[in-house]
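Good morning, everyone. Please look at the model on the screen, and keep the sequence beside it.

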Amino acid sequence: MNFKKKSVYLDYAATTPIDERVLKSMCPFFQTKFGNPSSIHQFGQDAEVALENARSSIAINLNCSESEIIFTSGGSESNNLALKGLLIARREFPLKNHILITPVEHPAITMTAKHLAHYYGAEVEFLRVDSCGLVDPDEVKNRIRSNTLLVSVIFGNNEIGTLNPISEIGKVCREKEVIFHTDAVQAAAHLRINVEELLVDMMSVGAHKFYGPKGVGFLYVRRGTNIVPTQNGGNQEYGFRAGTENVPNIVGLAVSFDIAQHEYKIRTENMLKLRDRLISNILEKIPKSYLTGHPRLRLPNHTSFIFENIDGNQLVIRLDLDGYACSSGSACKTGNPEPSEVLTALGNTPALALGSMRATLGMNTNSDDIERFLEKLPSIIEDLRE
Ligand SMILES: *Cc1c(COP(=O)(O)O)cnc(C)c1O
């Protein structure tokens, strides 16, 4: 017999369950419509039609053309392809090897940039951010040099929730004729995404953050932005990403993105109230607690905190035992916790940064769950501090 009660999931920034409608749309492509889009026969054609319908649906939502979308295995691959594909294409003739990123990027940007610096001669610099992780467009303007190839700034931050002024930064980059990429993996789940308004040249999106399947996403690449493929082979994805397309996943990606882009207002309305209730109550009830990230310019489902004299991993484990699935920014490496680099970059001491906790909401999170969570949390923190 299992007496463990059902846990409340508060980790939607890590991943989301698949929407029933999305799952349904994918099913035929595992069985009856299993063809390879590259095949000439009817089975192949059916798959090809589904693939191109998915591309077209995404293009309409983004306000771009179909040929500007490259399907990938998700946010990480899209970030890799954007940075590597561009640097390898452009670093010479004339020398353009300078890349500006922020200290609060997802590791798929940070580690890719480091890789490019190490193996491909890229010169990587970090833009200054304020204590909320916000990038000032003027900072971008001042830091762009004659050999700057790319600026990459995260849109909605996965760890601290902060939303960056992407269209303002895009404007600066366009004036300076520098390519602008944004990691919109979190933002795409909650905001209307229009690439003409955002003024981005490249943008990464992944489906599993908005109730789509895991292992699929896309990179938007504005026409005229020359990149080279980083995975070679067949001619799939206009030659930019070899490999038989994951048709069921791509269909699910398009449907989940379409739903996210049409239903974001209703979803947000509910989540905003719960988010602000969580933030204000925790800061009020728990001594020595701090919000990380921006208090207003943040993802509508996102709360993140630092608690003094707390080990964030211990807190997450304890919350899990009590039936709440949250996360901490610090990596748990077998008994030796490492503070989050994002939180230390914002000026927190390593000791303080170890006390981080993130609770992120989903479209079905209800106020009962939140109220019960708020009743539990202060006593758990008190316990752990003793
Ligand atoms: C989840 C996430 C990624 C990685 O996406 P995957 O699809 O899991 O590879 C990249 N950037 C941000 C901001 C994310 O939240």
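How many bridges join strand S3 to S4, and do they run parallel or antiparallel? Four bridges join strand S3, residues 98-101, to S4, and the two run parallel. His 98 stands opposite Glu 123 in S4.

Some ground rules before we go on. This is a predicted model, where local features need pLDDT of at least 70 and side-chain atom pairs count only at pLDDT 80 or more, while totals for chains, interfaces and linings use all residues. Residues are numbered from 1 along each chain as its sequence is written, and side-chain values use heavy atoms, with hydrogens and water left out.

Now some terms. Helices (H or I, at least four residues) and strands (E, at least two) are DSSP runs, numbered from the N terminus. Two strands pair if DSSP finds at least two bridges between them. In general, strands of a sheet pair through backbone hydrogen bonds, either parallel or antiparallel.

Let's take the whole sheet. It is open and has seven strands. The order is S2-S8-S7-S6-S5-S3-S4, with mixed pairing. The edge strands are S2 (69-72) and S4 (123-126), and each pairs on one side only. The twist averages 20° from one strand to the next. For angles, axes are lines fitted to C-alpha atoms, for helices over the stretch in contact, and the angles run from 0 to 180 degrees between N-to-C directions.

S2 and S8 (residues 217-221) pair in the antiparallel sense over four bridges. There, Ile 69 has Tyr 220 of S8 as its bridge partner. Next, S7 and S8 pair antiparallel over five bridges. Then the sense is parallel: three bridges join S6 to S7. S5 and S6 also run parallel, over five bridges. In that pair, Val 151 stands opposite Phe 180 of S6.

Which residues of S2 are buried on each side? Ile 69 and Phe 71 are on one side, Ile 70 and Thr 72 on the other, and all are buried. Buried means under 20% relative accessible area, exposed means over 50%, and partly exposed is in between (1.4 Å probe, protein chains only). Now S7, residues 202-206. Five of its five residues are buried, so S7 is largely enclosed by the rest of the structure. Met 202, Ser 204 and Gly 206 point one way, and Met 203 and Val 205 the other.

S6 is mostly covered as well: five of its five residues are buried. Ile 179, His 181 and Asp 183 take one side, Phe 180 and Thr 182 the other. Stop at His 181. Its relative accessible area is 0%. It stands opposite Met 202 in S7. Contact means heavy atoms within 4.5 Å. Leaving out residues up to four places away in sequence, His 181 touches residues including Asn 79, Leu 83, Ile 109, Val 151 and Leu 219.

A helix comes next. H4, residues 107-120, lies across S3, S4, S5 (148-154) and S6 (179-183). H4 runs at about 160° to S3.

Now a loop residue. Ile 144 is in the loop between helix H5 (137-143) and S5. Why does Ile 144 count as buried? Because its relative accessibility is 12%. Ile 144 and Val 178 are 34 residues apart in sequence, yet 8.0 Å apart in space, C-alpha to C-alpha.

On to the ligand. The residues around it include Gly 74, Gly 75, His 106, Asn 158 and Asp 183. Here a residue counts as near if one of its heavy atoms lies within 4 Å. Which side chains have an N or O atom 2.7 Å from an oxygen atom of the ligand? Ser 76 is one, and Lys 209 is another. For His 208 the distance is 2.8 Å. Taken alone, the ligand exposes 380 Å², and the protein buries 87% of that. Those areas come from the Shrake-Rupley method with a 1.4 Å probe; for residues, only the protein chains shown count as cover.

Last, two backbone angles. Asn 63 is not a glycine, but has a positive phi of about 65°. Asn 63 sits in the loop between helix H2 (42-62) and S2. Tyr 238, also not a glycine, has a positive phi of about 55°. Tyr 238 is in the loop between S8 and helix H8 (247-285). That's my tour. Thank you.

Terms used. A polar contact is a pair of N or O atoms within 3.5 Å; within protein, one must be able to donate a hydrogen and the other to accept it, and residues adjacent in sequence count only if both atoms are side-chain atoms.
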